[in-house]
Amino acid sequence: MLSYDYENALRVGEVSFEDINGVDFTSAYSRLMEKLDNGVVGFRDVIYNENLDEYKFFNGYKNVVVVGMGGSILGTMAIYYAVSAFKNNAYFIDNSDPEKTLSILNKIDLNDSIIYIVSKSGNTLETLVNYYLIKKKIGKLNSFKGKIVFITNDGKLKREAEKNNYEILSIPENVPGRFSVFTAVGLAPLYSLGTDISKILKGAREMDKLCRNEDILKNPALLNGVIHYLYDKKGRDISVIMSYIESLRYFGEWCKQLIGESLGKRGEGITPLLSIGAKDQHSLLQLYMDGKKDKIITFIVPKKYRLDEEIVFEDIDDKEVCCMLSDIIKCEQEATEIALTNNGIPNVKITIDEVNEEALGALMYMYEMQVGFMGELYNLNTYNQPAVEGEKKICWELIKKCDRYGSK
């Protein structure tokens, strides 16, 4: 499934086992487990959902269109682009950028599409507007033979779905959007895309067994959380996720929201960044090595790449070399890891067997638990996002001012 190596985080000498044992991680563990056991937060409960039959009516469509923002879509994108990197029947509308949205809608046949409209609140501006754009295009068809499914609990979108007799799936109220990938938010569209969602949940459950372990050295989510917390307190508040699997790019995007929106409160939290190896060795590694000492690096590597081939080439000394393509990127990652450690840059490594549904389920659940533990260490409400609500109110007021009907 996956393994976690923390030795380089201690080898550089800034954090020790004594520092780890000096953190009251036992209380953080107990508080999170109590919240999960009592249903205060429900992201653990949903991975034990056996009722997957509700999604069986959502297959057989050529195109799968997912409309959402942030936690309503990033988890789905993370899994799809990782495990289905070589397919091309998914379209994600996740912004208010008219060029992106219209370029997608102008090239797909809506009559051969299942369209998911995803917003827990039902009032997400971008999702609402993009739905109305799709509604406008459907209205120009002689008949609509596709399917629209709303995944929402409330608000304008739920009222719209009820008015038009569209199918509605709900999200558990105790699961915040950025933790909702293992609910209908992720599972329904992924099922339509042919992803084995039972294996995603299986991977998450296997990781849950590890995350229940009170021994910190056997609990990767707790240990990684404590290490990042300690480095934050020492000024290393930028967490770089450096994946040597390009198909995990959107996993990094999902992580950015999960970490940033959950922990960035009251002057606390770490700043997540995404890097892709080996290409960022030629752009950002200079900064990581020789810039401000404010970063901790997390490598994500596979034991096996799904596509690979033997290559014979001449090296810079004109000597013939024969190896697998995967050997090249593995050597690049190992060289970067050694160089960072030699330069005193703390780093940890997550190794997955290969990119598949189980590995993604385990990896994403590990990060959900890690963020949960870290929220308890910071003594924060991990599951709200109060600072962004002000921007939303301002934006709605500005939209009213550019209302073309209002000026008549």
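**View 1. Lining of the largest pocket in the predicted model.** By class, this lining comprises 11 nonpolar, 12 polar and nine charged residues, where Ala, Val, Leu, Ile, Met, Phe, Trp, Tyr, Cys and Pro count as nonpolar, Asp, Glu, Lys and Arg as charged, and the others, Gly among them, as polar. The largest pocket is lined by 32 residues, of which Ser121, Thr124, Gln385, Glu389 and Lys392 lie nearest its centre. Two or more lining residues are given by each of β4 (113-119), α6 (125-139), α11 (249-263) and α15 (389-401), and the largest share, six residues, comes from α15; helices (H or I, at least four residues) and strands (E, at least two) are DSSP runs, numbered from the N terminus. The volume of the largest pocket is about 1,000 Å³, a volume being the space filled by probe spheres set on grid points that are joined across faces, edges and corners. On a 1 Å grid over the protein atoms alone, a pocket is an open set of points where a 1.4 Å probe fits, with protein on both sides within 12 Å along at least five of seven lines, and lining residues have an atom within 4 Å of a point.

Residues are numbered from 1 along each chain as its sequence is written, and side-chain values use heavy atoms, with hydrogens and water left out. The model is predicted, and local features need pLDDT of at least 70, side-chain atom pairs count only at pLDDT 80 or more, and totals for chains, interfaces and linings use all residues.

View 2. Five strands form an open sheet in the order β3-β2-β4-β5-β6, with parallel pairing, two strands being paired if DSSP finds at least two bridges between them. At the edges stand β3 (90-93) and β6 (167-169), each of which pairs on one side only. Strand β2 (residues 63-67) and β4 are joined in the parallel sense over five bridges, and Val65 stands opposite Ile115 in β4. Across β2, β3, β4 and β5 (147-152) lies α6, which runs at about 155 degrees to β4; axes are lines fitted to C-alpha atoms, for helices over the stretch in contact, and angles run from 0 to 180 degrees between N-to-C directions.

**View 3. Packing of α4 against α8.** Helix α4 (residues 74-83) and helix α8 (residues 184-192) pack at an angle of about 35 degrees, and their axes are 8 Å apart. Thr76, Ile79 and Tyr80 in α4 meet Val185, Gly186, Pro189 and Leu190 in α8, contact meaning heavy atoms within 4.5 Å. By class, this contact of α4 with α8 has five nonpolar, two polar and no charged residues.

View 4. Strand β7 (residues 238-243) pairs with β8 in the parallel sense over six bridges, and Val240 stands opposite Leu273 in β8.

**View 5. Backbone geometry at Arg266 and Ala278.** Arg266, in the loop between α11 and β8, has a positive phi of about 55 degrees although it is not a glycine. The peptide bond from Gly277 to Ala278 is cis, with omega near 5 degrees, and Ala278 is placed in the loop between β8 (271-276) and α12 (285-290).
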